[in-house]
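Work through the exercises below with the coordinates loaded. Try each task before reading its solution.

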Amino acid sequence: MDPSLQDNQVPVLNLQQDEGRNDYENEAVFRRNALPPRSYYIPETALLLNGTWEFHFASTPLKAPLPSLEVADTDREGWTTIQVPGHWQLQGHGRPHYTNVQYPIPVCPPYVPTENPTGTYRRRFHVPHSWNREDELHLRFDGVDSAYHVWVNKILVGYAQGSRNPTEFDVTDYVEPNGVNELVVRVYQWSDGSYIEDQDQWWLSGIFRDVHLIAFPQDARINDYFIQTDFDDKYRDAELNIKLNLVTSSSASIRIILREQAQYSGEIVAQRDLEYGMAVEETLEVSLPIRAPKKWTAETPYLYDVELILTSGSMTQTIGQKVGFRKVEIKNGLICVNGTPVTFNGVNRHDHHPLFGRAVPVDFIRRDLRMMKSHNINALRCSHYPSHPKLFDIADELGLWVIDEADLECHGFYDAVARPEDIPEDMDYEERKKLVFSKAAKYTSDNPSWKDAYLDRMEQMIHRDKNHPSVIIWSLGNEAFYGQNHQAMYDLAKTLDPSRPIHYEGDPLAQSADMYSYMYPSIERLTKLVTTEGVKPDGTFDKPVILCEYAHAMGNGPGWLEDYQKLFRKYPRLQGGFIWEWANHGLLKKGDDGKEYYAYGGDFGDTPNDGTFVMDGLVNSRHDPTPGLVELKKVIQPVLISVEGLTVTITNLYNFIGLEHLTAEYKVQSFGGSSEPDTLVHGAFDLPAILPGETKKASLDDKLASTLNGLGGKDVFLTISLILRHTTAWAKAGHEIAWHQHRTTLPSDKTTYLELQTSNRDLASRVRLNQSATSLTVSDNGFCFVFDKTTGHLRLWEVDQSHLLIPDPGTGSALSLGFWRPHTDNDIPHSLPYWKRFGLDALTSQLRSIKTTTAPEAITIVSNLYIAPPVLNWGFNAEISYTINNSGALNISVRLNPVGYHPPSHIPRVGLNLRLAPRFDKVKWLGLGPGESYPDKQSAQRVDVYDSDIEGLHTGYDVPQENGNRMGTRWLLLGNSGIISPGIRVTGKDSKIFSFAASKYSAKTIEEARHPCDLEGKEEKDGAILVKLDAEVAGVGTAACGPGVREDLLVKVEEDGMKFGFVLKPMGLC
């Protein structure tokens, strides 16, 4: 008898394929005794093995139990329980570890540390009584990180790695069909596969996707199927092409049915019956002609049902698959679907959940994708591995273009090369690539011993996801440099599925890709690439350009969105891009003080780590929208609207559909003369029929036209909104898709904002000035301003013996010049060190002179200050003029002139800092809102009157930073919810618009906070509300990974000086 077989003829596997070498440290070993990959399909005869498993955690494989060596099943020493799917680091074993690029282990592929944490999973199961005892039984794992051996009934079944790829084992001969079965899975945290799974995310281990026991008919079954659609030259009539991997041991029949989905009619569209009179084991190809099917696109996600019915004797196997008719091709150098070029308004998406890591529930995935659709996102890139298999069903249904990416990234080899050679990070990235990339590629990508491992990852992805219409592009992976193994992957992909184009950004010459792909280029570089790279002398090109990553959405950002979108519209060859990235990856953690927060690199004691770089999403760690997502929705809205006179110009930016699904609404608001807007007229108007890509004009209705013609001397805005006419799978009727706000009149010199009576004071009374050795006091019978003669600053403002502005306990100032703000994540690489180099975070004030001018109706105090940092020889000569009239209003004028040696070229902001009394917990303003706005992040905000409490002005980023600025402000009311105490009304001098922000936290407090919970209890000791009134603020940019703030959106320090002013008046608020 063959000694490699047991009595029941089950093959006996050694624990390691190659003697003396661990499977998990052998790049040539990635699947043992595994079945060929197949399309994702879970039949009704499947037993889901998720739930509570027994679990043993060991620091090394040598300490992990082996099923064949256990004394008895009752041995429980060292065992506990764990939930599957899940990660052991999130269930009390080991700790999460975050790195972006660098490897957290020594770089010595294929070897990994001896201290290789190992989790052993165990559970028991019964084969359901209803199953045919002659069925073939498969054990399927959809995701295990990083590598694993599998035992059934103490017999080693096989081994697999490739964390985000499925593996299926035939366990028919290992399972006891009528008794209790034991399943043991031993999972290794590190394997040689870890070197090519370095994907800018948490290192988390374990069985994190579904586990199934599946029964398939043994004598006649469809092992796999590949359903493709094709169109004729006119993209009218189609073919449904089906490849079936078929096994039968006797005669069999196959019925193929294409039918409408039940939600439409359920009617059969086409049917084909095939008969086989003998046993077969082959791939069958069938083609069904389909007359004028409805086409699938991301805008029209129309699906049909395909049924594959195999019958042999009394056995019937039925497979159902949803199908969309669409054809993808590179045509005239452009990515086309159904003959039409497409534009990607996309995002990169990792699998992430704040509690479960990459073990993401399906309803959470659906929530993500519905949110994408409702924010005008039409594409997603699976970064940087195949996502949960159910994601693609949802994308098919909702309508999203998908780039499916192989589970491959080895970015960490960059550091292994660059650090020893001391290649500076501030060197131009393209130059660094020349020095490093070819050397880094030699580890795996350009190493023939890794070829089969690379090919396996491509093959697994294609076979699993090949039947989804949403998947229109395959990607060879991410940031794995470029080498011969990528060419091999490309060739394999074209063999397995020639119908889809191939993407790979790491191939700069697009030798093994069907498109040029770039990350984070500046606008200037991108323009050059689009117009020159691969362009022939006659101006034609064979391959399009996309941005697989751009507009790094870290913290308060991204900026530049409008600039990139303009390029997408200008150059048809530039077919859009994918924002990095969809979500922050924070993991919910409770600190020693009991406070909860969303953790990032280093919060678990994980070293080395890349800190907050895992917090770079358009949604926060809870997957709630950030201001960046709201901004993106507006920038990529699929309809452009402009107004000139009484004519509305509308451009349809959809690729496939008209605007029949939208309804147009409008309103006209006047903002002069009261604290509430006056809605003059509102209504709806008919949209003209506009084909994709077309622009048409529409005339405003007579009622609206007459209203606009009759206005004068008021600030008037027309707002047009396009909303969904009907409820969809991702949004309800009335959901706003696009909008535009147009200022119909320019305010005249006579236009006033909120000119309300400020007080009942006797305007004929005389303002008094009193002096002491250290103070100047300006007062009337109801108000009092106190200035410090030693600093030149306003120290106190009272009205009716009630404080409005209160002094800083340290400086004694209630109002001072402001240049600093907390930094953003995007400031850290360049702006923050630049600003600190010039001491902008440590500016001091010196009084040069203080003068007073007295008149019957007003008193003016002029302070001349020198604002400068320690150590350096530059500063601002500042002249601040305070004029107080007999109504108690404070008129402030500021002139700044840079002096000394080498002043900075730009600063964070320029304006005033106010310290409001604690009771001022409410604000109301006319300006951009309701959310925050910055010079390069304001498109999503519209002019209106808004109100909020102070907390509501704060944007709670997962990593505290600069936030909450409101631009375009015409007037601002600072007060409280009562009507007794007076408030403050703020306007810009000469009616200039301004920015404001109000917070309970100082810049220093925000900068020192690692998490939002660190702000709790850190308000100002005297309870003051800190207000910033700014003439200018800097943009936010994307410099955390990409270009910084656009040059014209910096706050420039001008040689000829800067001027600005504000008017502050006391008034009652209700």
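## Exercise 1: a surface patch

Task: locate Phe-356 and state which nonpolar patch holds it.

Step 1. Phe-356 is found in the loop between strand S27 (344-349) and helix H1 (362-374). Helices (H or I, at least four residues) and strands (E, at least two) are DSSP runs, numbered from the N terminus. The model is predicted: local features need pLDDT of at least 70, side-chain atom pairs count only at pLDDT 80 or more, and totals for chains, interfaces and linings use all residues. Residue numbers run from 1 along each chain as its sequence is written, and side-chain values use heavy atoms, with hydrogens and water left out.

Step 2. Phe-356 has a relative accessible area of 38%, so Phe-356 is partly exposed. Buried means under 20% relative accessible area, exposed over 50%, partly exposed in between (1.4 Å probe, protein chains only).

Step 3. Patches take residues with over 30% relative accessible area and no salt bridge; like charges are joined within 9 Å, nonpolar side chains (Val, Leu, Ile, Met, Phe, Trp, Tyr) within 5 Å. A salt bridge is a side-chain nitrogen of Lys or Arg within 4 Å of a carboxyl oxygen of Asp or Glu. Areas come from the Shrake-Rupley method with a 1.4 Å probe; for residues, only the protein chains shown count as cover.

## Exercise 2: the two faces of a helix

Task: sort the residues of H7 (residues 523-532) into buried and exposed.

Step 1. Ile-523, Leu-526, Leu-529 and Val-530 are buried. They cover an arc of only 125 degrees around the axis, so they sit on the same side of H7. The arc is that of the directions from the helix axis to the C-beta atoms.

Step 2. Exposed Glu-524 and Lys-528 lie on the face turned away from the buried side.

Step 3. The cover over the buried residues includes strand S33 (516-519), strand S34 (545-550), helix H8 (561-570) and strand S35 (574-579).

Step 4. Gly-534 follows H7, with a positive phi near 75 degrees.

Conventions: Contact means heavy atoms within 4.5 Å.
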